[in-house]
Amino acid sequence: MCIRDRSYGDFELEFEWRISKNGNSGVIYRINVLESTTNTYETGPEYQVLDNDGHPDREDPTHRAAALYDLVAPPGDFTRPVGDYNRGRIVVQGDRIEHWLNGERVAESPFGNDAWRDMVDESKFGDWPEFGKYDSGHIAFQDHDDLVWYRSIRIREL
C-alpha cells in the first residue's frame, strides 16, 4: 500500500506492526515512484519489518527489524515475539533520520549530506541513481507476500 495522496518532507510516523513467522516487510518513505521509477525501494529509505528469529535476513544486522535497511543496524533486538504487535516510529527532520522500536531509538542517520551519500555509496543502493535523493516523497507499506499487519497509523508533519 502506498500513500500517494500527498508527499511528506519532515514528519513523524507512528504505527504498530506484527509479522508472521519468517516474515519480511517494511515501511519505505520519501519515495518518488510516480516521478521516476516503478519500485518504491529504488528511491526511498526503509524501516525494516522482520521476524528476527526466523527470516534469513536476520544474518545481516542492517536487515533486522527497525534497521535503516542496508545502512544502519539496530544495537540489539527490541522486537516482541512473532504474533505480538510492536510499536514503530520514524522521525525524519531536516538532515536527520531516526527509527524507533518499542520505545527505543534503534537507528539514527544523517540524510542528504556527504556522510549520507558515502553511506549509500557503500551499500547495495550505491548504483541506484535515485535512492535517497528526495527531501520529500510518498510513504509505502511494503509487500513481500508475507503476512503482516499494520494498525494505529498516525503521521504528523514537522
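Asp127 counts as exposed because its relative accessibility is 75% (exposed means over 50% relative accessible area, buried under 20%, partly exposed in between, with a 1.4 Å probe and protein chains only). This is a predicted model, where local features need pLDDT of at least 70, side-chain atom pairs count only at pLDDT 80 or more, and totals for chains, interfaces and linings use all residues. Residues are numbered from 1 along each chain as its sequence is written, and side-chain values use heavy atoms, with hydrogens and water left out.

Asp127 sits in the loop between helix H1 (114-121) and strand E8 (137-141); helices (H or I, at least four residues) and strands (E, at least two) are DSSP runs, numbered from the N terminus. Together with Asp118, Asp121 and Glu122, Asp127 makes up a negative surface patch (residues with over 30% relative accessible area and no salt bridge, like charges being joined within 9 Å; a salt bridge puts a side-chain nitrogen of Lys or Arg within 4 Å of a carboxyl oxygen of Asp or Glu).

## Gly132, in the H1-E8 loop

Gly132 also belongs to the loop between H1 and E8, but Gly132 counts as buried, because its relative accessibility is 7%. Setting aside neighbours within four places in sequence, Gly132 contacts Thr43, Phe111 and Trp116 (contact means heavy atoms within 4.5 Å). Its C-alpha is 7.9 Å from that of Val120, 12 residues away along the chain.

## Ser20, between E2 and E3

Now for another loop: Ser20 is located between strand E2 (11-19) and strand E3 (24-31). At 15% relative accessibility, Ser20 is classed as buried. Not counting residues up to four places away in sequence, Ser20 touches Asp51, Val82, Asp146, Leu147 and Trp149.

Methods
Patches are made of residues with over 30% relative accessible area and no salt bridge: like charges are joined within 9 Å, nonpolar side chains (Val, Leu, Ile, Met, Phe, Trp, Tyr) within 5 Å. Accessible areas come from the Shrake-Rupley method with a 1.4 Å probe; for residues, only the protein chains shown count as cover. Lys and Arg count as positive and Asp and Glu as negative; His and the chain ends are not counted. The place of a charge is taken as NZ of Lys, CZ of Arg, CG of Asp or CD of Glu.
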